[in-house]
Amino acid sequence: YEEEEHTLRELRIFLRDMCKKLANNRLFFMFTKPVDTEEVPDYTNIIKQPMDLETMMTKVDFHRYECARDFLNDIELICQNALEYNPASKHVCFRTSADKQIRHRACSLRDYAYTLIKSEMDTDFEEKCLSISTKR
Ligand SMILES: Cc1noc(C)c1-c1cc(NS(=O)(=O)c2ccccc2)cc(C(=O)O)c1
C-alpha cells in the first residue's frame, strides 16, 4: 500500500510539472484560467463542463488524477470546449479572426500535451498507475 502511495505521489509531481510547462507556453495563455463569464457572457450556455490548466493544477493537488490518462482526458476537454465554442461554422467573418487562432491553439495544446507525456513518462509507470486506479 505504501508503494502505491509513493507511485501516486510521483504521478502528482510529474503532472504538476506538465501543468506548469503547458501554462508557461504563451501560445496557451487563454487556456490557463477559467473563461471569464464577464468577458464571454454566453459561454456557460454553450459549454457545460468548462476546464482550464489552473483548475487542472488544483485537481492534481486534490488527488483527482490517478493516472496520466485521466489528466489527458481533461486536456481533451479544454480542446473540445474551445472547438465547440469557437466553431469554424460561425459566420464567415469569424473564420479568419481570433476564432480560427483559438481552434489551432486548442489542437496544439492537445498534441503538445500528448507528446510531452509520451516522451517524459515511462510506459510501465503509467501501467502501475492504471492498475492502482482500476483497483480503487
Ligand atoms: C479560452 C476561450 N474559449 O473560448 C473563448 C472565447 C476563450 C477566450 C476567452 C478570453 N477571455 S477570458 O477573459 O475568458 C480569459 C483571459 C485570459 C485567460 C483565460 C481566459 C480570451 C481569449 C483569447 O483568445 O484571448 C479566448
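Start with pLDDT, which is the predictor's confidence in each residue, from 0 to 100. This is a predicted model, so local features need pLDDT of at least 70 and side-chain atom pairs count only at pLDDT 80 or more, while totals for chains, interfaces and linings use all residues. Residues are numbered from 1 along each chain as its sequence is written, and side-chain values use heavy atoms, with hydrogens and water left out.

The chain averages a pLDDT of 93, and 94% of the residues score at least 70. Confidence is highest in helix H3, residues 53–61, at a mean of 98, and lowest in helix H5, residues 92–95, at 58. Where pLDDT is low, the predicted coordinates should not be read in detail. The model has ipTM 0.92 and pTM 0.93.

On the fold: there are seven helices and zero strands. Helices (H or I, at least four residues) and strands (E, at least two) are DSSP runs, numbered from the N terminus. The C-alpha trace spans about 55 × 25 × 25 Å along its principal axes.

Next, the ligand. The residues around it, with a heavy atom within 4 Å, include Phe29, Lys33, Tyr43, Tyr85 and Ile102. A backbone N or O atom of Asp36 is 2.7 Å from a ligand oxygen, and a polar side-chain atom of Asn86 is 3.3 Å from a ligand oxygen.

Last, Arg12, in helix H1, residues 2–24. Arg12 is buried but has no salt bridge; Glu5, the nearest side chain of opposite charge, is 5.1 Å away. Buried means under 20% relative accessible area, exposed over 50%, partly exposed in between, with a 1.4 Å probe and protein chains only. A salt bridge needs a side-chain nitrogen of Lys or Arg within 4 Å of a carboxyl oxygen of Asp or Glu. For charge, Lys and Arg count as positive and Asp and Glu as negative; His and the chain ends are not counted.

Notes. Polar contact = N/O pair within 3.5 Å; in protein donor to acceptor, adjacent residues only side chain to side chain.
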